[in-house]
Amino acid sequence: MRIKVDKSKCTGCKLCQQICTIEHYHEINPKKAAIHIGAEFPVPGVFTPKLCVQCGACARACPEGAIERTGSADAFVIDTSKCTNCGVCVETCPIGVMYVHADAPTPIKCDLCLKCTEVCNTGALTVVDSPRATSR
């Protein structure tokens, strides 16, 4: 499964960022969210949600082998016991959605928990079945 993004439906409410950090860090802190909502400046009212597409570039780049496909969603997930927080995965991310936050033990990336799709009331974020992305 994957999360489909329809930026034409995004209102910029950022509920997705709030639920992401509640789910993963038990706090509301959009700066720790695995989804980013960008405003299309200077166009008012146009927003672009961006999140990991599970391409596997981070896993291939990780020198510790700390990022592997796992879980029922078949997402690339960071193993906190193996991750040294070196940042190689962040530098490698082709769409720039992985990042390091000072208060997080590992880089932050989407693990397909799907909570964002549950709170998105505009249909900008939806769950779709799609073939598994290849990990080269």
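Thr 48 sits in strand β3, residues 47-50, where strands (E, at least two residues) and helices (H or I, at least four) are DSSP runs numbered from the N terminus. With a relative accessible area of 17%, Thr 48 is buried; the scale used here calls a residue buried under 20% relative accessible area, exposed over 50% and partly exposed in between, with a 1.4 Å probe and protein chains only. Ile 37 lies 11 residues away from Thr 48 along the chain, and their C-alpha atoms are 5.5 Å apart.

A word on the model before going on. It is predicted, so local features need pLDDT of at least 70 and side-chain atom pairs count only at pLDDT 80 or more, while totals for chains, interfaces and linings use all residues. Residues are numbered from 1 along each chain as its sequence is written, and side-chain values use heavy atoms, with hydrogens and water left out.

Now to the charged side chains. Five salt bridges are counted, a salt bridge being a side-chain nitrogen of Lys or Arg within 4 Å of a carboxyl oxygen of Asp or Glu.

| Salt bridge | N to O distance | Relative accessibility |
|---|---|---|
| Glu 27 and Lys 32 | 2.9 Å | Glu 27 30%; Lys 32 5% |
| Arg 69 and Asp 74 | 3.9 Å | Arg 69 16%; Asp 74 23% |
| Glu 118 and Lys 115 | 3.8 Å | Glu 118 57%; Lys 115 25% |

Glu 118 and Lys 115 are three residues apart in helix α4 (residues 115-119), so about one helical turn separates them. Glu 118 is exposed, and Lys 115 is partly exposed.

Lys 32 has a second contact: it lies over the face of Tyr 25, 4.7 Å from the ring centre. For this, NZ of Lys or CZ of Arg must be within 6 Å of the ring centre and within 35 degrees of the ring normal.

Tyr 25 also leads us to the largest pocket. Of its 16 lining residues, those nearest the centre are His 24, Tyr 25, Thr 106, Pro 107 and Lys 109. Helix α1 (15-25) and strand β5 (75-78) each give two or more residues to this lining. The pocket holds about 280 Å³ of space. On a 1 Å grid over the protein atoms alone, a pocket is an open set of points with protein on both sides within 12 Å along at least five of seven lines, and lining residues have an atom within 4 Å of a point. Points are joined across faces, edges and corners, and the volume is the space filled by probe spheres set on them.

Val 90 belongs to helix α3, residues 88-92, and is partly exposed at 23% relative accessibility.

The backbone has a few points to check too. Most residues other than glycine have a negative phi, and most peptide bonds are trans. Phe 41 and Pro 42 are joined by a cis peptide bond with omega about 5 degrees, and Pro 42 is in the loop between β2 (36-39) and β3. His 26 has a positive phi near 55 degrees; it is in the loop between α1 and β2 and is exposed at 70%. Gln 54 has a positive phi near 60 degrees, in the loop between β3 and α2 (57-61), and is buried at 0%.

Note on methods:
1 Å grid on protein atoms, 1.4 Å probe; cavity = no way out; pocket = protein on both sides within 12 Å on 5 of 7 lines; lining within 4 Å.
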